[in-house]
Structure formats: structure tokens, C-alpha cells
Amino acid sequence: MTIELSRRGFCMGTALIGLQAVSSSAFARTEDGTVKLGLVAPMSGPNARYGAFSLRGAQMAAKEINGAGGIGGRKINVLAGDSQGTPVEGVSATRRLIDQDQVDFIIGDVSSSVTLAMQPVVEDAGVLLLNAASSNPKITYKAGVGGFKWTYRNYPTDENRALIVLQYAAEKKGFTKYAVLSVDSDYGRAAIEFTKKYLPRFKSQILTEDYYKEGEVDFRSVLSKIRDSGAQAIIMYGNADSTPIVGRQMMEVGIAGKIPLIGNAEFNTEKTIKAAPKALEGAIEAAAWLPAYEPEKSKAFVDKFTAEFREAPNNHAYVHWETTHLLAKAIEQAQSIDREKVRTALSKIHYASAVGEVTFDDHNQARLPMILLEIENGKPAIKGAYSAEIDYPK
């Protein structure tokens, strides 16, 4: 079931239940051996925790697939390459996986800058790269009809997020007038540029626009300006450390509970809400996935991951688990591990993920829902899984 919210196709995706069964009977067994899956992620360095969760997610999916008989009898072998979170090391890891390990396919990286550097490498080698966690829109601006035919992404972009948040705010809340208070970084400024791109679609406008430096602690003058501007909501894309401070100062200037926050700055965490519950009430945020998401497939993943690794999964674990299953389904439908056949199958796939159906557009970007959260009565309430079509640069 889908719920149409506008002629632009903003819809609520039904969460589809059950792990993906990989059939062996449909697979043309013209080759022997395993499916070698390379995983490029930061296994060392400051982002090593992200890499560890990514690897666990992919390995758990491979274990499930192999335990069910593999893909046409073939077992998946996950081979990790350490990007260290840098483009140079990411390229080196990608080349080693291709040249030395002779992998069939690659999933990676969590860092957008690393993934962007990997794209020409896999393109030259003709190896399919299926990204599971990078959010920079340029990755798929440049993919498919944009040029890099071997790059696919099964993850929402920063542009997807900005559009979905804005569309939900306009169509569900009736907001058309906004103030901006965003972090002064590539991420914070880019999110606002994406928001501006879609303002005309909803006959909306930005009344005030301000950016803060990381570590800044006094927002009172900006919040006072917002109070007097006539804005109905504050668009904020930033870091988690600033949100409690902003929330407390919203209470000081008298706008808490009157002008909600929307965007992405960890509005939904218990710590943030406790810091300024009145200010966080009504805050709207979009996420790729959450452990608290209730459909059966998502709950089964959380329970199994927690039992196996003795800690709850994060987003990186989930997206790499799901993306490994997605790739396995494409291989099954291709009835081969021939890369060209698998690429064609991936372009045509209809895959039932834990958050809704996944298909790919002509830029090889997954059309997949994001989970909308709204803070209600001091707690994050999941409003459903929503998707929207972006406008690619001409």
C-alpha cells in the first residue's frame, strides 16, 4: 500500500516483511567457486568504528545467505579493504581488492570523499561498485547517465534528506516560511542549498539565514532575530553538540514550543530532548534507518545482530547488511556472476528492504524511503517511511 501525498510522488512506502530468500534453483551454474565481495571501509583511524559495524553487517548477511545454500550454490566471501577514511587509502584498498584479490563486486565506502575517489578506479576496471553509506549527491550525479555506469548507490543522499524534510514540513505541517540556523561547513551549507532548490516547489521562502561555527555557544541574538522574523520553523543541519545549547536558548528567548526545528542535528536522542524538551517538541528529522523502526524485517535484523555481536546495530551495520542482500538478489535474478548481467539486473530490480521497496533511477541512485521522525510528548515518534523524486542537474 502506498499513500500519495502530492502529484510529485511523495509517498509512504509499506515496510515489507521477511528476510530475502536466495534461490539456488534459478541460478545458471556455469561457473564454480564463490562470490568474492570486496568491502572498502575505514577499518583503522578515527572512523574505524563505522568500518567495524559495516563489516559486521555485510558478514552477517553473507552468513545468512550462505546458510540458506548460497546464491545458486555459490557462497559469498567478504574481503575487507581498509580505506582509513581517506581518498588515497581508499583508492589503494580498491586497487588491491581488484588486482590482487580479484573480487567480483565491491561495496564501499562510508565516506563520500573516498567513494568519489573510488569511482574512476572501478569504472576503468569494469567492477560494479554498490555504495551503501555515502550521502554526497555528486556520487550519483556522476553515475549512470551521468557517466560512471559501474557505480550504484543504495543510500539516500543529503539532497534526498533535505527534500523529504521540506516536503513533509510543507504538506503535513503547512509551513512555508523558514529561518536557517545551520553549521558553517560543507555539509551544513550544502543542505541549505538543496533546500533552496526545492522551495519554489512548495511556494516557500527563507526569511533569515545564519550559519554558526563548530564550538559556538551563544545563539541568542540570532534566535531573537528569528523570533521577530515571522518564520514558522527553523531549518537546522548541524552537529549534535550544538542542538541542546540551541534548544535551551530557544527557551530563553521565548520561541520554544512555538517555532520547531527541522532538518538533521540529532533532535531525536534522549540526551538532546532532556536538555530542552519544550524546544525540541515538534522537531522533524529524517533518517535512513533506525533500530527502533518496527517492521518485522527490521526487528529481526536488530535482534539477530544484537545476539551475535552483543551490542545493538547502528545505521552502518544495517545498510551494509541490507545492501549485501540486495546484491545477492541481483545476482540471483541475473542467474550469473557476470558483472554486466548483474549490473543490468540491479538496474531493473524491485527489492523489498526493511524500510520499503528499492528501485534504481537512471543515475543508478536507489529510490528508497527515509524514516520521518517527529518529537511528540518528549519522545521521537516514527511517522512512516517517505520518499520523493529529486531533480537532477541538467
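The model is predicted, with local features needing pLDDT of at least 70 and side-chain atom pairs pLDDT 80 or more, while totals for chains, interfaces and linings use all residues. Residues are numbered from 1 along each chain as its sequence is written, and side-chain values use heavy atoms, without hydrogens or water.

Stop 1: Helices (H or I, at least four residues) and strands (E, at least two) are DSSP runs, numbered from the N terminus.

**Stop 2: helix 6.** Select residues 186–198. The end C-alpha atoms of helix 6 are 19 Å apart, which agrees with the 18 Å that its 13 residues should span at 1.5 Å a residue; the expected span is 1.5 Å times one less than the number of residues. Now show the buried residues of helix 6: Gly188, Ala191, Ile192, Phe194, Thr195 and Tyr198. Buried means under 20% relative accessible area (1.4 Å probe, protein chains only). Looking down the axis, these buried residues fall within an arc of 160°, so they line one face of helix 6; the arc is that of the directions from the helix axis to the C-beta atoms. Their cover includes helix 4 (138–141), helix 5 (158–173) and strand 8 (177–183), counting contact as heavy atoms within 4.5 Å.

Stop 3: Which residues do ring pairs link into a cluster? Select Phe53, Trp289, Phe301, Phe305, Phe309, Tyr318 and Trp321. Rings of Phe, Tyr and Trp (its six-membered ring) pair if their centres lie within 6.5 Å; planes under 30 degrees apart count as stacked, over 60 as edge-to-face and the rest as tilted. The structure holds 13 such aromatic pairs. Phe301 and Tyr318 pair edge-to-face, 5.8 Å centre to centre with 65° between the planes. Phe301 belongs to helix 11 (residues 296–309) and Tyr318 to helix 12 (residues 315–334). Tyr318 also forms a tilted pair with Trp321, at 6.1 Å and 45°. Tyr318 has a relative accessible area of 4%, and Trp321 one of 0%.

**Stop 4: charges over rings.** Select Arg189 and Tyr211: the charged end of Arg189 sits over the ring of Tyr211, 3.9 Å from its centre. This requires NZ of Lys or CZ of Arg within 6 Å of the ring centre and within 35 degrees of the ring normal. Finish at Arg343, which lies over the face of Trp150, 5.4 Å from the ring centre.

Definitions and conventions. Buried < 20%, exposed > 50% of the residue type's maximum accessible area, 1.4 Å probe, protein only.
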